[in-house]
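Subject: Structure handover

Hi,

Here is the structure I promised to pass on.

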Amino acid sequence: MKKIMHPYDITHETDMVEPLDYNRQSRLKDVDRSFKAEITNIIRLTDMEKLFQIRMVDDNDWQRFTFLPGQFVMLELPGYGEIPISFSSSPTIKSTIELCIRKTGKVTEALHRAKRGGIVGLRGPFGTYFPMEQMKGHNILLIAGGLGLAPLRAPISYVIENRADFQNVNILYGARDPSNLLFDYQYEQWNRIDDITLQVIVENPNKAWTGPVGMITKLLDDVTVPPDQTYAIVCGPPIMFKFVCNRLNAMGIPMQRMFVSLERRMHCGMGKCCRCNIGSSYTCIDGPVFDFWTVMNLKEAI
Ligand SMILES: Cc1cc2nc3c(=O)[nH]c(=O)nc-3n(C[C@H](O)[C@H](O)[C@H](O)COP(=O)(O)OP(=O)(O)OC[C@H]3O[C@@H](n4cnc5c(N)ncnc54)[C@H](O)[C@@H]3O)c2cc1C
Ligand code: FES
């Protein structure tokens with residue numbers, strides 16, 4: 001049985017890397033301005049999640065709205081409120097953004113009742129991002145649990161579009177049961193790309209399920225990567241971060257090369273309202289993307 005490292009242990013030589021020079025402070029711009037946008041299409045993914053395709057009403061607004069994988073937008077549904085949602089599409093698609101939204105409460109339930117042509121407000125983009133430039137030339141593990149595939153879909157698209165810049169890419173995705181799987185219509189397409197391997201696991205299979213069964217960490221049993229040549233992006237519920245990131249650390253991957261996206265309740269999205277703090281950090285401007293080393297040193301981050 002493999003030994004699981006305590007997060008604070010620094011026993012691997014590969015842990016002794018310099019802190020990464022990724023963008024810790026979001027690029028704040030146009031924060032007070034809300035862009036008027038239109039819902040152009042709505043795709044039902046599961047009973048709980050829908051994918052919203054949204055475009056700016058004024059085409060000129062795109063120039064001021066460049067985002068990076070891992071960032072989020074404050075989405076306003078007039079009359080209901082404003083919520084933070086991660087970009088779920090490629091930043092290179094200039095005409096449309098895609099947001100995958102789970103129905104959980106007041107605003108998200110109202111959004112699930114919205115129709116094509118509905119008008120919404122967008123503020124942002126906000127937050128730190130996955131340091132894709134820094135990851136170039138390396139192997140990448142893209143790991144998601146449940147709704148975590150929504151934010152992970154942006155770096156997946158980025159890697160696919162810049163395939164030659166990266167070494168081997170492993171996408172690992174775990175869900176509770178087959179009916180919870182997001183974006184299953186894309187799995188075949190992702191798997192067909194050279195040196196991209198997608199593995200999907202569920203905890204509770206149905207009769208039709210022929211794939212692996214269990215927790216997401218089980219998929220890591222079959223992954224062999226040179227730890228000093230590998231980065232990982234992990235998106236999902238906080239409990240998953242501990243299990244997955246500790247396991248990756250046991251494989252020799254430094255915590256500074258693992259990136260996670262944290263969630264807190266947010267109001268302003270721009271470091272003004274103090275709603276989203278973790279200790280002295282604000283999730284909206286110092287995050288939501290943090291390296292796992294930082295997360296382990298932030299009290300009550302996960
Ligand atoms: C940076 C960031 C990115 C996000 N990306 C996505 C995304 O891509 N897709 C998506 O579906 N959701 C995402 N969320 C979560 C989303 O913002 C919340 O689900 C939403 O704000 C709930 O609003 P509501 O009015 O529907 O629910 P409310 O009526 O406000 O709350 C319903 C329930 O959800 C809980 N809740 C609300 N917000 C959060 C939160 N931030 N974290 C944990 N629990 C919460 C409440 O405590 C309550 O129990 C993200 C959150 C953050 C901070
Ligand atoms: S949401 Fe206001 S400070 Fe972060």
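D195 sits in the loop between α4 and β9 (196-202). (Helices are DSSP runs of H or I with at least four residues, strands are runs of E with at least two, and both are numbered from the N terminus.) The phi of D195 is near 55 degrees, a positive value in a residue other than glycine. Is D195 buried or exposed? D195 counts as exposed because it has 11 C-beta neighbours inside 10 Å. The cut-offs go like this: a residue is buried with 20 or more other C-beta atoms within 10 Å of its own, exposed with 12 or fewer, and partly exposed in between, with C-beta atoms placed from the backbone.

Before you go further: this is a predicted model, in which local features need pLDDT of at least 70 and side-chain atom pairs count only at pLDDT 80 or more, while totals for chains, interfaces and linings use all residues. Residues are numbered from 1 along each chain as its sequence is written, and chains are lettered from A and ligands numbered from 1 in the order in which they are written.

F183 lies in the loop between β8 (169-175) and α4 (187-192). This one is buried, because 21 other C-beta atoms lie within 10 Å.

There are cis peptide bonds to look at too. One joins G124 and P125, with omega about 0 degrees, and P125 has its place in strand β6 (residues 119-126). Another runs from G287 to P288, with omega near 15 degrees; P288 is in the loop between β13 (281-282) and β14 (289-291).

Now the overall picture. The protein has 6 helices and 14 strands, and 43% of its 302 residues are buried. Of the contacts between residues at least 6 apart in sequence, 72% join residues at least 24 apart. (Two residues are in contact if their C-beta atoms, placed from the backbone, lie within 7 Å.)

What about the inside? Nonpolar side chains tend to be buried together in soluble globular proteins. Here, the largest nonpolar core has 85 residues, and L142, I143, A232, V234, M258 and V260 touch the most other members. Helix α3 (residues 149-161) gives the most to this core, with 7 residues. The core also draws at least three residues from each of domain 1 (13-23 + 130-297) and domain 2 (35-126). For the terms, a nonpolar core is a set of buried Ala, Val, Leu, Ile, Met, Phe, Trp, Tyr and Cys residues joined through C-beta atoms within 7 Å, and the domain bounds come from an automatic or database domain assignment.

Helix α3 is mostly covered, with 11 of its 13 residues buried. From first C-alpha to last, α3 reaches 18 Å, close to the 18 Å expected at 1.5 Å a residue (the expected span is 1.5 Å times one less than the number of residues).

Helix α5 (residues 238-250) also has 13 residues, and reaches 19 Å, close to the 18 Å expected. Its buried residues are M240, F241, V244, C245, N246, L248 and N249. What covers them includes β7 (139-145), β10 (230-235), β11 (258-261) and α6 (292-297). After α5 comes G252, with a positive phi near 105 degrees.

T230 is in strand β10. Why does T230 count as buried? Because 24 other C-beta atoms lie within 10 Å of it. Its C-alpha is 9.0 Å from that of P254, 24 residues apart along the chain.

Finally, ligand 1. It is surrounded by 22 residues, the closest being I83, R102, G105, V107 and T108 (a residue is near a molecule or strand if its C-beta atom, placed from the backbone, lies within 6 Å of it). β4 (81-86) gives the largest share of this shell, 5 residues. The shell divides into 12 nonpolar, 5 polar and 5 charged residues; Ala, Val, Leu, Ile, Met, Phe, Trp, Tyr, Cys and Pro count as nonpolar, Asp, Glu, Lys and Arg as charged, and the others, Gly among them, as polar. Like the core, the shell draws at least three residues from each of domain 1 and domain 2.

Cheers
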